[in-house]
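Here are my notes on this one, point by point. Have the model open while you read.

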Amino acid sequence: MTMNTRKLGNQGLEVSAVGLGCMPMSQSYGPADEGESIATLHRATDLGCNFFDTAQGYGPLTNESLLGKAFKDRRDQVIIGTKFGFRFKDGKQVGAERASRPEHIREAVEGSLRRLGTDYIDLLYQHRVDPAVPIEEVAGTVGELVKEGKVRFFGLSEAGIATIRRAHAVHPVSALQSEYSLWERNLEPEIIPALRELNIGLVPFCPLGRGFLTGNAKRAESYPPEDTRHNDPRYQGAHFDANVQAARIVFEIAAAVQAKPAQIALAWLLQKGNDIVPIPGTKRRVYLEENIASEAVDLDAAQMKALDDALGTGKIAGNRYPDWIMATIDR
């Protein structure tokens, strides 16, 4: 099977219209079964999905190894995006400490190449902007890695406009990865117009609101402490109640067009522009298949407007992260 493809930037990066976020296979959403995770990765390639998102920090240091194991016999069929930028010690991430000096980038890339079992990274992102390192140094180092053949394309994650422009002036940025979905619209006023001005693609993570927009959400306290939703402000107390009401339109439209709520949320994103490639995360084949099928869902103008209006800026209760994580975002 094949999927439609989309271009990210104008440097030659072309990927499936829907990618796969691999983080849940190693952390944040409860335990995962390695066999099912690998079967999900293989099923994705069978369905024409070729864009896979991982990071040094996922696990940490285990998610890349999982992809390396799964793709050792099909590396030429997949496009892998991974990320550097946090500090690690004894195999664990050191809080939100950043590490993006040139020597740290090179060390991280060598580790990622080893774990992925490959000699090149398709898309290398800075995971979070490091205030201690000028972005020009970061872009210059990645540019050197591109010339050396160890990296193909450069990306940023959760970067602000000034950082994006400064990085892009040194080495072309092909993609910005940031949270963007029906219930998180912070990119719309300034970031998305800037990306389009510079011809940089957008890779939205958490396009399903960490599962809230699937219709299966429970209150924060119903999740175990190791599940990220246990501490998610939008899943807590009165925020949860308000957000259930705001999201009702997703479920109503899903019923009307005989689709899953997740497919409505992804279809909305896909119809926001051909330069947008969402990476819904899952560790199970059944949800992967549902997510990929969203490409076939066509929302009309009235449905798009209803979704925009019901879930626009100011309609969702609570921050998207706890305060300590919000502090790492370059806005």
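What is the volume of the second largest pocket? It is about 250 Å³; the details are in point 2.

1. Ground rules. This is a predicted model, so to speak, with local features needing pLDDT of at least 70, side-chain atom pairs counting only at pLDDT 80 or more, and totals for chains, interfaces and linings using all residues. Residues are numbered from 1 along each chain as its sequence is written, and side-chain values use heavy atoms, with hydrogens and water left out.

2. The pocket. A pocket here is an open set of points on a 1 Å grid over the protein atoms alone, where a 1.4 Å probe fits, with protein on both sides within 12 Å along at least five of seven lines; lining residues have an atom within 4 Å of a point. The volume is the space filled by probe spheres set on the points, which are joined across faces, edges and corners. Of the 14 lining residues, Gln-56, Phe-88, His-104, Glu-107 and Ala-108 are the closest to the centre. Strand S6 (86-89) and helix H3 (102-116) each give two or more residues to the lining, and H3 has the largest share, with six. (Helices, H or I with at least four residues, and strands, E with at least two, are DSSP runs numbered from the N terminus.)

3. The sheet. Seven strands make an open, parallel sheet in the order S3-S4-S5-S8-S9-S10-S11; strands pair if DSSP finds at least two bridges between them. At the edges sit S3 (20-21) and S11 (201-205), each pairing on one side only. Further in, S4 (51-53) and S5 (79-84) pair over three parallel bridges, with Phe-52 partnered by Ile-80 of S5.

4. Asp-122. Have a look at this residue of strand S8 (121-126). A polar atom of its side chain lies 2.8 Å from the backbone nitrogen of Ile-80. Leaving aside neighbours within four places in sequence, its contacts (heavy atoms within 4.5 Å) include Ile-80, Arg-75 and Arg-152.

5. S11 pairs with S10 (173-179) over five parallel bridges, and Ala-175 stands opposite Gly-201.

Note on methods: Polar contact = N/O pair within 3.5 Å; in protein donor to acceptor, adjacent residues only side chain to side chain.
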